[in-house]
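User: I have a structure open and would like to learn how to read its features one at a time. Could you take me through it?

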Amino acid sequence: MPDTREPLNVFAERAEYWGLPVMTAAVAMLLAILSGQAQAQAREICFESRENASAVVVTEVEEGLPNVKCSEKTGGVLWWGDPYDGTVPMGDMPIEADYSQGEAVVMPRDSQLNLPPACGTACHNGTFPPPNNDNTPRQLTIHMDMVPDALNLQHGRGSIWCLDCHNPEVRNKFIDHAGDEIDFNQPQKLCGACHGPLYKDWRAGIHGKRIGEWASTGKKRWFVCTECHNPHDVQQGERNSGFAQLVPEAPPQLPRGMKNADHERPPH
Ligand code: HEC
Ligand code: HEC
Ligand code: HEC
């Protein structure tokens, strides 16, 4: 995710350069913009799984029925009015042990990402900069907001790098072992290319999360890998864990009229 502080830092540096009067005017302007934004942002946004990577705007799927309810404490989605809202068919998932006879859907990643729609045309257009197949780790001069230490990618313990996942020719696609393109909306195919057993578990509903109908033949939504895992930081340094810790929800409230839960304690 882009670091939102960066534009402000640039702004501060420039303000210093321009001198105090300009800075005062600029600060007033910024405050005006920010308060305007605050008004425009009367809408509520919460997140489904990975914070800053699975945002959902609270709307109504029909009158009086919100699409989601968000936790007041953490901002996480606690309840779905319509778990299929915004989803698309998972598409072709040729995999052994496919237990889902029902309709499988996923949430496309497009809306959560800033760059992929443009990166294959605006910056890497196939001719400029020249397509680079060099997959030797080197210090990057761009994208450091997403991959802060490219020389020590926090995924794969030194055995993989950018172009094992990103297509060198078509930058807004991933790549599989055969060199074929994988869409940004189907990260499970990318991850599954290296994490076969996990992929199988995921499809079967043992790993990750799915919501929807109970019946085995019913419609279900699978959460895709990148809704939970940050592909550039699965190890998280010393924490050494594939999953960013979540803030726990508040404990459940006692039923009305009850002052404590002492009756639950074992007798001594
Ligand atoms: C293990 C596979 C993998 C590796 C290795 C990898 N990426 Fe990614 N990258 C992804 C996936 C998956 C996404 C889409 C993330 C999502 O859907 O949230 C992504 C997204 C991106 C984006 C777009 C992010 C956005 O918000 O628009 C950029 C830019 C990027 N990667 C750059 C890099 C660079 C540079 C490297 C190497 C230093 C790298 N990636 C290494 C899998 C990988
Ligand atoms: C090109 C091969 C490759 C791809 C593609 C790939 N990974 Fe990995 N991944 C690895 C390797 C290698 C490791 C390190 C395994 C180890 O240390 O035992 C790893 C480790 C992990 C870990 C465990 C982190 C840890 O150290 O405990 C997670 C979680 C993970 N990957 C998730 C993903 C997700 C999600 C995707 C898709 C966005 C993905 N991987 C795509 C090769 C890959
Ligand atoms: C709903 C969230 C969620 C989804 C979706 C999800 N994972 Fe995970 N995954 C987790 C959690 C939680 C862990 C445990 C992390 C830990 O131990 O710190 C984990 C662990 C892993 C590990 C490390 C396993 C190990 O044995 O150490 C890998 C690899 C992995 N996931 C890959 C994937 C792939 C590939 C997908 C998609 C096909 C995926 N995950 C989808 C939440 C998810």
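Analyst: Let's begin with burial: a residue is buried if 20 or more other C-beta atoms lie within 10 Å of its own, exposed if 12 or fewer, and partly exposed in between, with C-beta atoms placed from the backbone. Helices (H or I, at least four residues) and strands (E, at least two) are DSSP runs, numbered from the N terminus. This is a predicted model, in which local features need pLDDT of at least 70 and side-chain atom pairs count only at pLDDT 80 or more, while totals for chains, interfaces and linings use all residues. Residues are numbered from 1 along each chain as its sequence is written, and chains are lettered from A and ligands numbered from 1 in the order in which they are written.

User: Thanks. How many helices and strands does the protein have, and what percentage of the residues is buried?

Analyst: The secondary structure comes to six helices and twelve strands. Of the 268 residues in the protein, 12% are buried. As for contacts, two residues are in contact if their C-beta atoms, placed from the backbone, lie within 7 Å. Among the contacts with a separation of 6 or more, 50% are between residues 24 or more positions apart.

User: Which residues of H4 are buried?

Analyst: They are Pro187, Gln188, Lys189, Leu190, Cys191 and Gly192. With six of its eight residues buried, H4 is largely enclosed by the rest of the structure. Those buried residues pack against strand S9 (173-175), strand S10 (181-183), H5 and H6.

User: How should I describe two helices that pack together?

Analyst: Two packed helices are described by the angle between their axes and the distance between the axes. Here the axes are lines fitted to C-alpha atoms, for helices over the stretch in contact, and angles run from 0 to 180 degrees between N-to-C directions. Angles under 35 degrees count as roughly parallel, over 145 as roughly antiparallel, 65 to 115 as roughly perpendicular and the rest as oblique. The axes of H4 and helix H5 (residues 196-204) cross at roughly 135° and come within 6 Å, so the two helices are oblique to each other. On the H4 side the contact is made by Gln188, Cys191 and Gly192, and on the H5 side by Gly196, Tyr199 and Trp202.

User: What classes do the residues of that contact fall into?

Analyst: The classes work like this: Ala, Val, Leu, Ile, Met, Phe, Trp, Tyr, Cys and Pro count as nonpolar, Asp, Glu, Lys and Arg as charged, and the others, Gly among them, as polar. The contact of H4 with H5 has three nonpolar, three polar and no charged residues.

User: Now the ligands. Which residues come nearest to ligand 2?

Analyst: A residue is near a molecule if its C-beta atom, placed from the backbone, lies within 6 Å of it. Ligand 2 has 20 residues around it, and Cys191, Cys194, Cys225, His229 and Gly242 come nearest. H4 (187-194) and H6 (225-228) each supply at least two residues of this shell, with the largest share, five residues, coming from H4. By class, the shell has ten nonpolar, eight polar and two charged residues.

User: And which residues are closest to ligand 3?

Analyst: Cys191, Gly208, Cys225, Cys228 and Ser241 are the closest of the 19 residues that surround ligand 3. H4, H5 and H6 are the elements that give two or more residues to its shell, which divides into eight nonpolar, nine polar and two charged residues. Ligand 1 is surrounded by 26 residues, of which Leu115, Cys162, Cys165, Thr226 and Pro231 are the closest. The shell around ligand 1 has 17 nonpolar, seven polar and two charged residues.

User: How do I read the strands?

Analyst: Two strands pair if DSSP finds at least two bridges between them. Four strands form an open sheet in the order S7-S8-S12-S11, with mixed pairing. Its edge strands, S7 (88-89) and S11 (210-212), each pair on one side only. Strand S8 (residues 104-106) runs parallel to strand S12 (residues 220-222), joined by two bridges, and Ala104 stands opposite Lys220 in S12. Elsewhere, S5 (residues 68-70) and S6 (residues 77-80) run antiparallel with three bridges, and Lys69 stands opposite Trp79 in S6. S5 and S6 form a hairpin with six residues between them, and Gly75 in the turn has a positive phi of about 85°.
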